[in-house]
Amino acid sequence: MRNSKSERSGYLFILPWLLGLVLFTLGPMLFSLILSFSKWDIITGIKSIEWVGLDNFKQIFHDDMFYQSLKVTFIFALVSVPLYQIVALFTAMLLNMRSRGMHVFRLVYFMPSVIPAVATSMMWIMIFNPEYGVLNRALGWFGIQGPAWLQDPHYALGALVVMGIWSVGNTIIIYLSGLQGVPEDLYEAASLDGAGIFRRFVSVTLPMISPTIFFNLVMGIIGGFQYFTEAFVMTSGGPLNSTLFYNLYLYNKAFKDYEMGYASALSWILFIIILFFTLLVVRSSSMWVYYQGDEERD
Amino acid sequence: MKKWSTSLVMVMIAALILSACSSGGSSSSGGGSGEKVKLTFSVWGDVNAAADEVKLTEEFNKAHPNIEVKFEPIPSDGYGTKLTASLAAGQAPDVFLVGEGDYYKFVDKGVVEPLDDYLKKDTSFKLDIFQKDLIENMNIKGKQYYLPKDFNPLALWYNKRMFDEAKMEYPNDNWTWSDLTAAAKKLTKQEGGKFTQFGFNAGKWEYPIYTYLWDYGTDIANEDGTAAEGYMNGDKTVAAIEKYVAWSNGPDRVSPTPTDTQTMGGDSSMFMTDKLAMMVTGRWIKGDLDKSDVKYGSALIPKSEDGTRSSIIASAGWAVNAAGKHKQEAYELVKWLSGTEAQKLRSSNGAVLPATVKELDEVKAKEVNDKPVIEMMNFAKKPVTMRSGNGPIFVEQFTGALEKIMLNQSTVKEALDEAAKNVDSKIKK
């Protein structure tokens with residue numbers, strides 16, 4: 001009670017943020033939760049929301065497109081999450097070396113992440129053009145006839161995975177800062193003990209940056225499951241639904257078919273999936289994430 | 001902590017109630033005695049593209065001192081989403097534009113006001129000034145829901161330079177689909193194993209495919225759009241689609257595959273750069289073609305060997321918002337925007353064809369290029385989206401099957417069988 005005045009002004013200070021959270025995050029979330037048990041086509045307004053219980057969920061589990069989108073998303077996440085982490089970490093280590101003009105390289109690798117995804121997508125559509133694109137031209141120099149990347153159901157998903165490597169700049173920057181936080185004396189000590197490059201990487205670098213890996217992994221998983229923009233712009237889920245990502249299917253249900261209830265149910269299922277995998281990583285982290293100053297561990 | 005979470009829930013509930021309250025009723029307000037009635041109306045496209053609408057608005061406001069109309073165009077890309085959202089929120093304009101593919105859907109949802117009662121009371125305005133087929137398209141389940149802004153019948157467009165180069169005669173009124181195939185074969189060229197030009201575009205777009213199916217006496221749906229079995233996968237449909245996809249399949253193809261089209265930058269840019277000789281599309285294509293130096297002409301879409309010929313009239317219709325507060329005034333506005341003066345204004349620079357009989361006849365008499373296009377109106381039929389609220393289900397399954405067929409993932413029969421089965425199971429729900 002004695003702190004009530006300062007408490008009140010404290011709440012006052014966070015009020016703008018709190019209002020934003022309630023109005024634009026929690027409110028809509030609650031609304032979509034209600035919608036996921038209802039049928040609603042939006043056009044006829046809020047009065048036409050009709051309670052249908054578990055119907056949406058029952059229908060979803062008999063929906064071929066749901067399984068297709070789940071398959072696409074899982075394949076993408078399974079391949080892209082580890083791939084992007086490895087590529088980003090490797091690049092970050094190269095960028096961490098002391099050499100002239102390193103700032104230029106860092107800039108170059110980070111730049112793609114600043115470009116809006118739609119602009120990036122438009123550029124890659126041209127790169128992937130089977131006839132005139134840079135990629136197939138380059139392959140042509142080696143006598144390889146490149147496929148129709150985005151128009152062939154066997155290659156489209158792979159093309160998107162490859163394209164994603166180009167914009168891992170954010171992850172690189174975070175790894176880079178993690179790497180720079182590793183004390184030089186640890187490497188020195190390891191060298192004196194006779195550790196080679198590989199040994200130093202495994203025994204010094206990896207444990208020391210494990211909190212960074214942990215963070216990037218969680219963000220990577222969330223990003224992987226929520227993949228949308230590039231597929232929306234470049235393939236619209238085609239050809240033959242081979243790039244029908246979960247979020248894209250959800251979007252189509254909501255804003256093409258105007259089945260808001262169904263789409264809300266889909267979004268809550270995605271929420272649970274992401275929550276599950278994130279928790280899995282968080283729970284497992286006690287086994288492999290090392291925090292400096294955490295004395296109880298060895 | 002507990003108290004705090006209670007208040008949070010209260011705030012959330014309040015937010016929900018508030019958002020619920022704001023729905024219902026339209027954005028227009030006022031209308032009391034002596035006060036001006038305020039109306040808004042929307043079209044797709046930007047202000048520049050809709051200069052005629054701006055002018056019509058000004059003139060309407062001058063002629064109706066008790067009404068104040070505000071024109072709010074919406075960018076084409078977001079039109080559907082924005083309109084739907086504003087209808088949901090009860091903030092939709094009093095008058096808005098609907099494309100022919102959505103006529104049935106909006107009526108089905110009950111958001112469009114039938115105009116029959118207003119028309120009956122109004123002795124100064126008769127529907128017979130409009131093209132019969134066009135106005136008929138805007139009549140859903142026996143009621144007149146829309147009045148025309150503009151329209152575009154599908155026709156055959158051909159690249160004159162490519163025909164001249166091959167020393168061939170332009171397509172004429174007697175062409176059958178076999179004549180088109182023969183010509184397309186001659187106009188398709190390869191160099192070093194790569195196609196450099198194509199004779200005809202047999203693409204994925206369903207409208208030209210419908211006309212082809214109708215010519216061969218079949219359709220993807222029954223008349224009232226309730227069944228696909230025996231229609232979408234009927235023997236006649238399967239045979240016709242087999243012929244249709246053969247145009248764009250294999251090393252002897254005369255049409256680009258969907259992949260070819262994407263690679264070469266899309267059908268209209270292929271047409272403009274003399275890489276595509278013929279295509280079936282709407283008159284809106286003129287807008288693009290006139291910007292390039294391509295020499296083009298239009299002709300009737302070929303008929304089948306038994307003389308059947310078909311087309312579709314794509315159109316845009318004005319609708320009165322059923323939830324609007326001032327529907328009588330909104331009707332006046334719709335009448336103004338679709339009437340003779342509006343048709344004259346919009347068609348004065350040749351950008352669109354007038355929807356009124358008299359004015360259209362005048363255009364027909366002097367515009368050589370538009371003559372076949374106008375004539376195609378006589379062969380117009382309604383695609384399934386204009387016959388039934390189930391339309392989108394048919395289209396989704398049919399185009400999905402076509403994609404499979406064109407990518408050689410399935411035979412025509414198998415893909416259409418599956419599509420028909422899916423449609424029927426979705427309709428039953």
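**Figure 1. Open five-stranded sheet of chain B in the predicted model.** In this predicted model, five strands of chain B build an open sheet with the order β8-β9-β10-β7-β11. The pairing within the sheet is mixed. Its edges are formed by β8 (189-191) and β11 (296-299) of chain B, each of which pairs on one side only. From one strand to the next, the twist averages 25°.

Figure 2. Strand β7 (residues 155-159) of chain B is joined to β11(B) by four bridges, and the two strands pair in the antiparallel sense. Within this pairing, N159(B) has Y296(B) of β11(B) as its bridge partner.

**Figure 3. Helix α8 against the sheet of chain B.** Helix α8 of chain B comprises residues 177-187. This helix lies across two strands of chain B, β9 (194-200) and β10 (276-281). Relative to β9(B), helix α8 of chain B runs at about 155°.

**Figure 4. The two domains of chain B and their contact.** According to the domain assignment, chain B consists of domain 1 (27-153 + 314-379) and domain 2 (155-312 + 385-428). The centres of domain 1 and domain 2 of chain B, taken over C-alpha atoms, are separated by 31 Å. Domain 1 of chain B contributes 17 residues to the contact, and domain 2 of chain B contributes 18 residues. On the side of domain 1 that touches domain 2, the elements giving two or more residues are α4 (103-108), β6 (147-153) and α17 (371-375) of chain B. Of these, α4(B) provides the largest share, with four residues. By class, this side of domain 1 of chain B holds nine nonpolar, four polar and four charged residues.

**Figure 5. Contact between chain A and chain B.** Chain A brings 23 residues to the contact and chain B brings 24 residues. Helix α1 (residues 4-35) of chain A supplies six residues, the largest share of the side of chain A that touches chain B. That side of chain A comprises 15 nonpolar, six polar and two charged residues.

**Figure 6. Packing of helices α3 and α7 in chain A.** The axes of helix α3 (residues 64-95) and helix α7 (residues 156-165) of chain A come within 10 Å and cross at roughly 30°. Angles under 35 degrees count as roughly parallel, and α3(A) and α7(A) are therefore roughly parallel to each other. The crossing of α3(A) with α7(A) is right-handed. From α3(A), the contact is made by V72(A), I75(A), F76(A), V79(A), S80(A), Y84(A) and V87(A), and from α7(A) by L157(A), V161(A), G164(A) and I165(A). Nine residues of this contact between α3(A) and α7(A) are nonpolar and two are polar, with no charged residue.

**Figure 7. Oblique crossing of helices α9 and α10 in chain A.** Helix α9 (residues 184-192) and helix α10 (residues 197-208) of chain A have axes that come within 10 Å and cross at roughly 140°. This angle makes α9(A) oblique to α10(A). As α9(A) passes α10(A), the crossing is right-handed. The residues in contact are L186(A), Y187(A) and A190(A) on α9(A), together with R200(A), S203(A) and V204(A) on α10(A). By class, the contact of α9(A) with α10(A) includes four nonpolar residues, one polar residue and one charged residue.

Conventions. Residues are numbered from 1 along each chain as its sequence is written. Chains are lettered from A and ligands numbered from 1 in the order in which they are written. This is a predicted model: local features need pLDDT of at least 70, side-chain atom pairs count only at pLDDT 80 or more; totals for chains, interfaces and linings use all residues. Two residues are in contact if their C-beta atoms, placed from the backbone, lie within 7 Å. Ala, Val, Leu, Ile, Met, Phe, Trp, Tyr, Cys and Pro count as nonpolar, Asp, Glu, Lys and Arg as charged, and the others, Gly among them, as polar. Domain bounds come from an automatic or database domain assignment. Two strands pair if DSSP finds at least two bridges between them. Axes are lines fitted to C-alpha atoms, for helices over the stretch in contact, and angles run from 0 to 180 degrees between N-to-C directions. Angles under 35 degrees count as roughly parallel, over 145 as roughly antiparallel, 65 to 115 as roughly perpendicular and the rest as oblique. A crossing is left-handed if the near helix is turned anticlockwise from the far one by less than a right angle, and right-handed if clockwise.
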